Amino acid sequence: MNGGSGLRIEEHVIAGKYKVDLVYDGDELIGAYVEVPTIGRIYIPRRETVLVPRLSKKVKRFLEKYGFKLL
């Protein structure tokens with residue numbers, strides 16, 4: 001029993017074809033794994049501004065809702 005600390009993943013499916021796994025360290029959201037059909041699975045850290053090519057607007061809006069900074 002870790003008492004709520006440690007890594008955990010929360011899975012979401014956006015627009016039927018994009019899988020987003022939000023990664024938490026305890027209660028803090030630290031990043032996300034995004035599975036995109038055209039480019040595969042990528043990790044996006046939450047603390048940095050990131051340029052992600054060919055990411056759908058729906059996925060970008062979803063991540064921005066959680067505080068991600070995407071270009």
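Predicted model: local features only at pLDDT ≥ 70, side-chain atom pairs only at ≥ 80, totals over all residues.
Residues are numbered from 1 along each chain as its sequence is written, and side-chain values use heavy atoms, with hydrogens and water left out.

**Overall layout**

The C-alpha trace spans about 40 × 25 × 20 Å along its principal axes. One helix and six strands are present, in the sequence order β-β-β-β-β-α-β. Helices (H or I, at least four residues) and strands (E, at least two) are DSSP runs, numbered from the N terminus. Among contacts (heavy atoms within 4.5 Å) between residues at least 6 apart in sequence, 20% join residues at least 24 apart.

The protein exposes about 4800 Å², and carbon and sulfur atoms supply 52% of that area. Accessible areas come from the Shrake-Rupley method with a 1.4 Å probe; for residues, only the protein chains shown count as cover. Of the 71 residues, 34% count as buried. Buried means under 20% relative accessible area, exposed over 50%, and partly exposed in between.

In soluble globular proteins, nonpolar side chains tend to be buried together. A nonpolar core is here a set of buried Ala, Val, Leu, Ile, Met, Phe, Trp, Tyr and Cys residues joined through side-chain atoms within 4.5 Å. The largest such core has 18 residues, of which Val20, Leu22, Ile44, Leu55 and Leu63 touch the most other members. Strands β2 and β3 (28-36) and helix α1 (57-65) each supply at least two residues of this core. Leaving out residues up to four places away in sequence, Ile44 touches Gly31, Ala32, Val34, Val50, Val52, Leu55, Leu63, Phe68 and Leu70.

Asp21 is located in strand β2 (residues 18-25). Asp21 counts as buried because its relative accessible area is 5%. Beyond its neighbours within four places in sequence, Asp21 contacts Ile9, Glu10, Glu11, Gly31, Ala32, Tyr33 and Arg41.

**Rings and charges**

Rings of Phe, Tyr and Trp (its six-membered ring) pair if their centres lie within 6.5 Å; planes under 30 degrees apart count as stacked, over 60 as edge-to-face and the rest as tilted. The count comes to two aromatic pairs by this rule. One of them joins Phe62 and Tyr66 in a tilted arrangement, at 5.1 Å centre to centre and 55° between the planes. Phe62 is buried at 10% relative accessibility, whereas Tyr66 is partly exposed at 23%.

A charge sits over a ring if NZ of Lys or CZ of Arg is within 6 Å of the ring centre and within 35 degrees of the ring normal. Two such cases are tabulated below.

| Charged residue | Ring | Distance from ring centre |
|---|---|---|
| Arg8 | Tyr24 | 4.2 Å |
| Arg41 | Tyr33 | 4.5 Å |

**Positive phi in loops**

Most residues other than glycine have a negative phi. Ala15, not a glycine, has a positive phi of about 55°. Ala15 is in the loop between β1 (7-14) and β2 and is partly exposed, with a relative accessible area of 46%. Arg54 also has a positive phi of about 55° without being a glycine. Arg54 lies in the loop between β5 (49-50) and α1 and counts as exposed at 61% relative accessibility.

Methods: Buried < 20%, exposed > 50% of the residue type's maximum accessible area, 1.4 Å probe, protein only.
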